[in-house]
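Visitor: I would like to learn how to read a few features of a protein model. Could we begin with contacts between charged side chains?

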Amino acid sequence: MRSVMSLGRWIGLGAVGALATTAAVVAVANTGQHHPAGVKLAAGSAASSTRVAGKTAQFTGVWAPGSGTQWWRTGMTAKQFGWWNAHYTKQGLRIQDLRVSPGAKDYTAVWRPGTGAEKIRTGLTPSQFKAANTANAKKGLRIKSLSTGNGITAVWRPGHQKQTITVGLTTSPFATLLNAESKKSMRPVLLDRYTAGGAWHFVSVFEPGTGDWQARTTTSPTVWHNDNMNYAKGGLRLVSLGSEPYTGLWRPGSGKWQVWTAPFATFMADEAKFYKQGYRLVRIAKWTS
């Protein structure tokens, strides 16, 4: 059984930026694809939200076989995100994945059917993230979404599985921890990283599990998508996306999954196609090129 991270794949992608120094509870969401009848969209259309400081937004999505309602939106402000999240919560939906850009200027989220409480925090420092997780774990909540675009962003929802986190380890110590956790039958289920002091620092969530896993990052979209296809042939499925392009975590899975990277218009068309084919978004990432 392989359970080691190949450090040769962890090559430079550029900095995410230092973590924010203050926490901000998201209380308050858009533009994006669809909107409920009668709801006026905030200024800025979905198309215009795909331009960021003269750069073109790219989206990476992971679709798994599924059914039921799904909504995804991008280009949201914090206030817009809060509105839409409250709206979907009343409809029996919960956040499947959430991405927040540096400075919390742009929110991208996917909602799927769910129940129970939901806690959202963004702009967290490592120590604030640890404290928030400890408090939420005591309430029976577990991390369901993790990203590092705006400090550390996490979404907690009800769960009973054992869950541990690590934050702040650089590459070599983190690789050592991954192998140590694997020997204890703990597996990474969410993974991201940020840059501080000129070095990568990793954030990860572990849960009990068995079998192979792979964690990879690369500057090449071709290499990344080829890796994904090769892992799929070996029975692994992409379960976690990093906040930078072409970073992911693969775990054992079944069925045909779809993984694509494209600019907004193409991505939206892909999403509509996959939805009709019986796939649902499980992870989404947004970055600029």
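Predicted model: local features only at pLDDT ≥ 70, side-chain atom pairs only at ≥ 80, totals over all residues.

Visitor: Are Asp97 and Arg99 buried or exposed?

Guide: Both Asp97 and Arg99 are buried. They also belong to a network of salt bridges that includes Arg283.

Visitor: How many salt bridges are there by the distance rule?

Guide: The count is five. One of them is between the side chains of Asp106 and Lys286, at 2.9 Å from N to O. This pair links distant parts of the chain, 180 residues apart. Asp106 lies in the loop between β5 (93–100) and β6 (107–113), while Lys286 is in strand β17 (residues 279–288). Asp106 and Lys286 are both buried.

Visitor: Which residue forms a salt bridge with Lys184?

Guide: The partner is Glu181, with the closest N and O atoms 3.0 Å apart. Lys184 has a relative accessible area of 54%, so it is classed as exposed, the cut-off being over 50%. Glu181 has a relative accessible area of 10% and is therefore buried, the cut-off there being under 20%.

Visitor: Which residues of α4 are buried?

Guide: They are Trp224, His225, Asp227, Asn228 and Tyr231. Seen down the axis, the buried residues of α4 fall within an arc of 150 degrees, so they line one face of the helix. The face turned away from that buried side carries the exposed residues Thr222 and Lys233.

Visitor: What comes just after α4?

Guide: Gly235 does, with a positive phi of about 90 degrees. Gly235 is placed in the loop between α4 (221–233) and β14 (236–241). With a relative accessible area of 25%, Gly235 is partly exposed. The C-alpha atom of Gly235 is separated by 6.0 Å from that of Gly253, 18 residues apart along the chain.

Visitor: How many residues does α5 have, and what distance does it reach?

Guide: Helix α5 (residues 264–276) has 13 residues and reaches 18 Å from its first C-alpha to its last, close to the 18 Å expected at 1.5 Å a residue. Its buried residues are Phe264, Phe267, Asp270, Glu271 and Phe274. These cover an arc of only 120 degrees around the axis, which puts them on the same side of α5. On the face turned away from the buried side of α5 are the exposed residues Ala265 and Lys276. Gly278 follows α5, and its phi is positive, near 90 degrees.

Visitor: Last topic: empty space inside the model. What is the general idea?

Guide: A probe the size of a water molecule is rolled over the atoms to show where empty space is left. In this model, the largest cavity holds about 30 Å³ of space.

Visitor: Which residues line the largest cavity?

Guide: Its lining consists of Thr60, Trp224, Leu241, Gly242, Glu244, Pro245, Tyr246, Ala285 and Trp287. By class, the lining residues divide into six nonpolar, two polar and one charged.

Definitions and conventions. Residues numbered from 1 in each chain as written. Heavy atoms only, no water. Helix = DSSP H or I, 4+ residues; strand = E, 2+ residues; numbered from the N terminus. Expected span 1.5 Å × (residues − 1). Buried < 20%, exposed > 50% of the residue type's maximum accessible area, 1.4 Å probe, protein only. Arc of directions from axis to C-beta. Salt bridge = Lys/Arg side-chain N within 4 Å of Asp/Glu carboxyl O. 1 Å grid on protein atoms, 1.4 Å probe; cavity = no way out; pocket = protein on both sides within 12 Å on 5 of 7 lines; lining within 4 Å. Points joined across faces, edges and corners; volume = space filled by probe spheres on them. Nonpolar A, V, L, I, M, F, W, Y, C, P; charged D, E, K, R; others polar.
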